[in-house]
Amino acid sequence: MSKMIDKELQQEVDKRRTFAIISHPDAGKTTLTEKLLLFGGAIRLAGTVKARKASKHATSDWMEIEKQRGISVTSSVMQFDYNGHRINILDTPGHQDFSEDTYRTLTAADAAVMLIDVAKGVEAQTIKLFKVCAQRGIPIFTFINKLDREGRSPFDLMEELEQVLGIRSVPMNWPIGMGRELCGVYDRMKNQVELFQGDDHSTIEVRKVEDYRDPLIKEMAGDFLYEQLGQDVELLDVAGDPFDYEKVLKGELTPIFFGSAINNFGLQTFLENFLELAPKPEPRRSTEGMIEPTNEKFSGYVFKIQANMNPAHRDRIAFLRIVSGKFERGMSVKHVRVGKDIKLAQPQQFLAQDRDIVQTAYPGDIIGLFDPGIFRIGDSLSEGSSIVFDELPTFSPEIFAKVTAKNALKYKQYQKGIDQLTEEGTIQVFNTVSFDDTILGVVGQLQFEVFEYRMRNEYGVEVQLQRMPFQFARWIVAENLDPSKFRINSTLVKDKKGNYVVLFENEYAMRTAMEKNPDAQFLQTAP
Ligand code: G4P
């Protein structure tokens, strides 16, 4: 009996791929997600993704944003099947939705697809998200989008990846022309060409070729593009990095694909290559060592908590990444931090705006658990044991505001709200050492709006937020800390646990402080 389960579990693990798309706003993430979902026939989902996009410029009312966008304010998961694989795409919100959740979601992914606009190259938000992925050492696949438009030279982009992100790259395919001239991509690994025909590039044909010198390409692309392709690929063969799968898996080499999401161009071959190369659900580190996905006992961790999806109820949803074993609805698991057994009776998965009830799920899958207030980010759940997964990283806030209650009489509610909301982990709270002011720090502006909204609606407190000019927070570890050394364009504060943190207005101030305090350590997150 046990062998049977083993085999089933192994098969389910083998077919799963869980990844996040990282990009700067407007690179085409919504379009790419939608097209990928369409490959799996998940049209209903694609519709939702579109709807979400239409309300890109939503108002500041958070609940309204939630309602309109359904799944977008905080990251969630979309699932589809393709060629025998089950694929989970984790959404990483951008724009003003950018928050610590965006970063933490990356801890639940086993690979990332880095989407880059061919004309714009590596942009600010791509860099931030890339760093988090690089820290975890997960494989990163690059898709250069919008090839139907004039853009930068592919070589130029490869160099930028190396200069700005410090990652070497290996093109899996190579464009034949670009913009209006674009007529296809040459697949270096499989020796085939994907040709786009017709004015709107809508006809797509995949042909086997001998290699990039095949006369068929000349026939389709004309002399000029054929010559150019020949020169480029020859250069890549001679001077480029060879494909090294070990390096790809360690995140040291990124396979690059070229295409155009909106035209479906290069997408199918991208998806197929990606599914072949992307890792299946990876083990996670815990107090009991590495927990393998095929470990029969169910386990997982909460990486995100989303409050008030339904305004009529104060429920929250805890998003759990399954690490090992099989999830079955109604099962009892240990909530390790509180040391109690709980029954997972109401698991939800966010597909479109419905909440589908999940009956079974496997490693790599994400389930949403109904949370009456018992979960915290980083909590471990496990069947029959007390596994505790490694703590999830916190991220250095970059936007700061001083907060006060408009009505001083509501102080108790105000304090309770701050305590509870900061516990959810998307806002960090600091107190100034000199005046005991309260300063909030976030990584995305929307978190402030959400905070204000929730303080008003859940705790009945109107708050005032006053933006502060700081951009960096550094936790200071030093023997004898002299506060007077942090007076220039910076402020000394304490975090919730009483650790000293300095908030800096700019990089210059930070560097000066570092020079003045050579014995102190300046950490990006709490020690
Ligand atoms: P995002 O989620 O990363 O912010 O990007 P999104 O998919 O919303 O795409 C941003 C814009 O880029 C959209 O245009 C979209 O149509 C366009 N786009 C996406 N993929 C491609 C591509 O392969 N080629 C070209 N030429 N454009 C692409 P928009 O004008 O903002 O929206 P819409 O009016 O077209 O819907």
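Start by selecting helix 12, residues 446–459, and colour its buried residues: Leu446, Gln447, Phe448, Val450, Phe451, Arg454, Met455 and Tyr459. Buried here is a count: 20 or more other C-beta atoms within 10 Å of the residue's own, with exposed meaning 12 or fewer and partly exposed in between, and with C-beta atoms placed from the backbone. Helices (H or I, at least four residues) and strands (E, at least two) are DSSP runs, numbered from the N terminus.

Before you go on, note that this is a predicted model, in which local features need pLDDT of at least 70 and side-chain atom pairs count only at pLDDT 80 or more, while totals for chains, interfaces and linings use all residues. Residues are numbered from 1 along each chain as its sequence is written.

Now put a distance on helix 12: its 14 residues reach 19 Å from the first C-alpha to the last, close to the 20 Å expected at 1.5 Å a residue. The expected span is 1.5 Å times one less than the number of residues.

**The whole protein**

Zoom out. The protein has 13 helices and 31 strands, and 46% of its 527 residues count as buried. Take the contacts between residues at least 6 apart in sequence: 69% of them join residues at least 24 apart. A contact means two C-beta atoms, placed from the backbone, within 7 Å.

Next, select the residues that touch the most other members of the largest nonpolar core, which has 131 residues: Ala109, Ala112, Met114, Cys133, Ile217, Val302 and Leu320. Such a core is a set of buried Ala, Val, Leu, Ile, Met, Phe, Trp, Tyr and Cys residues joined through C-beta atoms within 7 Å. Which residues is Leu320 in contact with, leaving aside neighbours within four places in sequence? They are Gly300, Tyr301, Val302, Ile366, Ile367, Leu369 and Leu381.

**Helix 7**

Move to helix 7, residues 154–165. Its twelve residues should span 16 Å at 1.5 Å a residue, and its end C-alpha atoms are 16 Å apart, which agrees. An α-helix has 3.6 residues a turn, so residues three or four places apart point the same way.

Gly166 follows helix 7, with a positive phi near 75°.

**Two loop residues**

Select Lys146, in the loop between strand 5 and helix 7. Its phi is near 70°, a positive value in a residue other than glycine. Is Lys146 buried or exposed? With 26 C-beta neighbours inside 10 Å, Lys146 counts as buried.

Asn264 sits in the loop between strand 11 and helix 10 (267–277), and its phi is also positive, near 65°. Asn264 is partly exposed, with 17 other C-beta atoms within 10 Å.

**Around the ligand**

Centre on the ligand. Of the 17 residues around the ligand, Gly28, Lys29, Thr30, Thr31 and Ser260 come nearest; a residue is near if its C-beta atom, placed from the backbone, lies within 6 Å. Helix 2 (residues 29–39) gives the largest share of this shell, three residues.

**Helix 13**

Finish at helix 13 (residues 507–516), where Ala509, Met510 and Ala513 are buried. Seen down the axis, these buried residues fall within an arc of 100°, so they line one face of helix 13. Glu507, Tyr508, Arg511 and Glu515 are exposed on the other side of helix 13. The buried residues of helix 13 pack against strand 28 (472–477), strand 29 (490–495) and strand 30 (500–504).

Methods
Arc of directions from axis to C-beta.
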